[in-house]
Amino acid sequence: MAEIVSKYCKEVRELGFRLEELIAESLGLERDHIRKVLGEQGQHMAINYYPACPEPELTYGLPGHTDPNAITILLQDLQVAGLQVLKDGKWLAIKPHPDAFVINIGDQLQVPFFLWSNHITALSNGRYRSVWHRAVVNADKPRMSIASFLCPADDALISPPKELTEDGTGAIYRDFSYAEYYKKFWSRNLDQEHCLELFKN
Ligand code: OGA
Ligand code: NI
């Protein structure tokens, strides 16, 4: 069992790195740009267990939030759905697919690479958003999900690619270290306004 979990963690890590490289390339940045900014990335795994709840409308498994890290790779329970994402003001259920992960862009990918300046926002065309999501509970079945979080190094300085902010539009957010962001993130309520708002210039 330990061997399987260990292999899973390693494979998921490689997948996350590959996605970061492809995202960088898709924005016309050097392939290793994002990985360089994020430094030696940490990795956490959460095994979420949501017990059945006789009155599911009264509560959430997880309230609405964005993930504070760089990228999240989520393995969903195939039998019981529960994940929802906010799109155009409406909560959409994400049906579990066999042989598929759900990939969440976390705050650290949205910030430096996509929302820092108007230029970047235009470039990414809103494709890479740190999405609001939540988990609902089920009346008669418990649900499990396994989330793997890739996180920037604590001392990673999150700042926009210079070539993308030199156009004079300026940066929307000030530079910060991941440690600073993470502390702020957990000092507020999970479903409060986007934590990034606290870092606006
Ligand atoms: C999380 C998360 C969703 C789920 O752990 O951050 O969003 O479906 N989980 O369990
Ligand atoms: Ni999440």
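Colleague: How many residues lie between β4 and β5 in their hairpin, and which residue in the turn has a positive phi?

Modeller: Two residues separate β4 from β5 in that hairpin, and Asp 88 in the turn has a positive phi of about 50 degrees. This is a predicted model, in which local features need pLDDT of at least 70 and side-chain atom pairs count only at pLDDT 80 or more, while totals for chains, interfaces and linings use all residues. Residues are numbered from 1 along each chain as its sequence is written, chains are lettered from A and ligands numbered from 1 in the order in which they are written, and side-chain values use heavy atoms, with hydrogens and water left out.

Colleague: Which strands does β4 pair with, and in what sense?

Modeller: Helices (H or I, at least four residues) and strands (E, at least two) are DSSP runs, numbered from the N terminus, and two strands pair if DSSP finds at least two bridges between them. Here β4 (residues 83–87) runs antiparallel to β7 (residues 133–135), joined by three bridges, with Gln 84 opposite Arg 134. Four bridges pair β4 with β5 (residues 90–93), also antiparallel; there Lys 87 has Lys 90 as its bridge partner.

Colleague: Where does the charged end of Arg 134 sit?

Modeller: Over the ring of Trp 91, 4.1 Å from its centre (the test is NZ of Lys or CZ of Arg within 6 Å of the ring centre and within 35 degrees of the ring normal). Arg 188 has its charged end over the ring of Phe 185, 4.9 Å from the centre.

Colleague: What coordinates the nickel ion (ligand 2)?

Modeller: Donors are N, O and S atoms within 2.8 Å of the metal (3.2 Å for Na, K and Ca); water is not among the atoms, so sites may look incomplete. His 65 (NE2), Asp 67 (OD) and His 133 (NE2) coordinate this ion at 2.1 Å, with the spacing H-x1-D-x65-H along the chain. His 65 and Asp 67 are both buried (under 20% relative accessible area with a 1.4 Å probe, protein chains only; exposed is over 50%, partly exposed in between).

Colleague: Why is the pair of Phe 176 and Phe 199 tilted?

Modeller: Rings of Phe, Tyr and Trp (its six-membered ring) pair if their centres lie within 6.5 Å; planes under 30 degrees apart are stacked, over 60 edge-to-face, the rest tilted. The structure holds seven such pairs. In this one the centres are 4.6 Å apart and the planes at 45 degrees, so the pair is tilted. Phe 176 lies in β10 (residues 176–177) and Phe 199 in the segment after α6, so the pair ties together parts 23 residues apart in sequence.
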